[in-house]
Amino acid sequence: MAQDEYMPIRNWDHIEFYVGNAKQAAHYYATTFGFTPIAYAGLETGVRDRASYVLEQGKIRLVLTSALTGDSPISEHVARHGDGVKDIALEVPDAAKAYRQAIAAGARSALEPTVTEDSFGQVRRSAIYTYGETLHTFVERMDYAGVFLPGYKPLDAEPAARHRGVGLAAIDHIVGNVELGKMDEWVKFYENVLGFTQIIHFDDEAISTEYSALMSKVMQGGHGKIKFPINEPAQGRRKSQIQEYLDYYGGPGVQHIAMITGDIVATVRQMQEQGVEFLPGLSSYYDELEGRVGKIDEDISELQKYGILVDRDDDGYLLQIFTKNVQDRPTVFIEVIQRKGARGFGEGNFKALFEAIERDQALRGNL
Ligand code: FE2
């Protein structure tokens, strides 16, 4: 059976972070990454145990959630993992069917199909566990016409918020880090439970620096819209950056979220002006760039100024850059990517990217 008949997925629905202080995190993503706060749930809306802020930019929806008391599972999650991604929620046409199929294929249940409603209509949701304590919620939006989900009230963004948008348009891929030896287990999970197919495999030869290595396989579903690379650490002379993540996250979890822009130079310039910190490029990288990728539309000196990397494959090229970690633990970060035909993940940049990460890893005393 074709994957999209077995498990139809319309698109990304939203990404929910559990964080220590959602009010402040929402302000950070709004003022630096240019997201617009659009909805809120908390004591004022009848939610007793948490506060959640929904932020939007292009088609990307982030939800930032904090516990209101110390004995909440959200507090335990934050104590163990720090701020991190709890839920990669996917929009599906039938949340009950998606759940049935996933459970029958061996997934662990997190939420049985449940309908919630308010005056704007109904939403049916269900959820399963993926790696670590991370969830995939299946969201079936039925006839729902409200701002986000039942229980949320719209937030009137202050007018300034509209001008901070940096052109982030959609999610491209979300990467998970899993333990040594576990990558293939999760590849099987995405094949069996979600009907995904493996599109790429990078071995530790492809992704290694002088010091450390990792392996990665990319799973794809939802008519090609949903892409999940899965990394595991590999043996190197020093500690793999994936192992550093696992040590500080306290197990497997989301490493980075890649967001698409149509104009990476403008996006990154504005993000830097608004205070986002990126991994810097090395001048030697730009000296060799044209020889490696050939002619490109962008001015290489501008790319160098912002630290933007370029890679070419058979279909075209792509431009990409990684932010520094977006919390104190060396765990989650954001990638900004612009695709000009290329469908890969920047294989030609892995070495440069990972060396940049290792320079920071060394500063942390973890290399
Ligand atoms: Fe990526």
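A: Buried here means under 20% relative accessible area, exposed means over 50%, and partly exposed lies in between (1.4 Å probe, protein chains only). Please keep in mind that this is a predicted model, where local features need pLDDT of at least 70 and side-chain atom pairs count only at pLDDT 80 or more, while totals for chains, interfaces and linings use all residues. Residues are numbered from 1 along each chain as its sequence is written, and side-chain values use heavy atoms, with hydrogens and water left out.

The iron ion has His 173 (NE2), His 256 (NE2) and Glu 335 (OE) as its protein donors, 2.0 to 2.2 Å away. Donors are N, O and S atoms within 2.8 Å of the metal (3.2 Å for Na, K and Ca); water is not among the atoms, so sites may look incomplete. Along the chain, the iron donors follow the spacing H-x82-H-x78-E. His 256 sits in strand 14 (residues 253-261) and Glu 335 in strand 17 (residues 333-340), so this pair ties together parts that are 79 residues apart in sequence. Helices (H or I, at least four residues) and strands (E, at least two) are DSSP runs, numbered from the N terminus.

Now to the wider setting. The chain is divided into domain 1 (3-162) and domain 2 (168-364), with bounds from an automatic or database domain assignment. Between the two domains about 3500 Å² is buried, 66% of it from carbon and sulfur atoms; this area is the accessible area (1.4 Å probe) that two parts lose on being put together, summed over both. On the side of domain 1 that touches domain 2, helix 3 gives the largest share, five residues.

Between these domains the count of salt bridges is zero, where a salt bridge is a side-chain nitrogen of Lys or Arg within 4 Å of a carboxyl oxygen of Asp or Glu. By this rule the count comes to 18 salt bridges. One of them joins the side chains of Arg 364 and Glu 244 (2.8 Å, N to O). Arg 364 lies in the segment after helix 11 (350-363) and Glu 244 in helix 6 (residues 241-249), so the pair ties together parts that are 120 residues apart in sequence. Arg 364 is partly exposed at 31% relative accessibility, whereas Glu 244 is buried at 2%.
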